[in-house]
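Thanks for coming, everyone. Let me put the structure up, and then we'll walk through it.

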Amino acid sequence: MTDTILKTFKQDIESLTLVPSDRGRFEFSIDGDLVFSKVQEGRFPEYDEIQPHIQQRL
């Protein structure tokens, strides 16, 4: 998913940080706001769930 985000928004994203985690946690945040949590949802997000949140912030 990171590759797709970077390819799609490379001119608009100022920075992207990947933070290693433990216990299978996967969270996606934009400007500190949690957009998706694998712990809460019980699954990984699809790009189509994340993309609109990125688009809104641009």
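Start with a question: is Asp-33 buried, partly exposed or exposed? Asp-33 is partly exposed, with a relative accessible area of 41%. The cut-offs: buried is under 20% relative accessible area, exposed is over 50%, and partly exposed is in between, with a 1.4 Å probe and protein chains only.

A word on the source. This is a predicted model, where local features need pLDDT of at least 70, side-chain atom pairs count only at pLDDT 80 or more, and totals for chains, interfaces and linings use all residues. Residues are numbered from 1 along each chain as its sequence is written, and side-chain values use heavy atoms, with hydrogens and water left out.

Now the salt bridges. There are three. By that I mean a side-chain nitrogen of Lys or Arg within 4 Å of a carboxyl oxygen of Asp or Glu. Asp-33 pairs with Arg-57 at 3.1 Å, N to O. Helices (H or I, at least four residues) and strands (E, at least two) are DSSP runs, numbered from the N terminus.

Arg-57 also meets Asp-31, at 3.7 Å, N to O. Asp-31 sits in the loop between β1 and β2 and Arg-57 in α3, so this pair ties together parts 26 residues apart in sequence. Asp-31 is exposed, at 67%. It is not a glycine, yet Asp-31 has a positive phi of about 50°.

Then there is Glu-49 with Arg-43, the closest N and O atoms being 2.7 Å apart. Through shared partners, Asp-31, Asp-33 and Arg-57 form one network.

Next, the inside. The largest nonpolar core has seven residues: Ile-5, Phe-9, Phe-28, Ile-30, Phe-36, Ile-50 and Ile-54. A core here is a set of buried Ala, Val, Leu, Ile, Met, Phe, Trp, Tyr and Cys residues joined through side-chain atoms within 4.5 Å. At least two of its residues come from each of α1, β1 and α3. In soluble globular proteins, nonpolar side chains tend to be buried together.

Last, the aromatics. There is one aromatic pair. Rings of Phe, Tyr and Trp (its six-membered ring) pair if their centres lie within 6.5 Å; planes under 30 degrees apart are stacked, over 60 edge-to-face, the rest tilted. Phe-26 is partly exposed at 28%, and Phe-44 is partly exposed at 47%.
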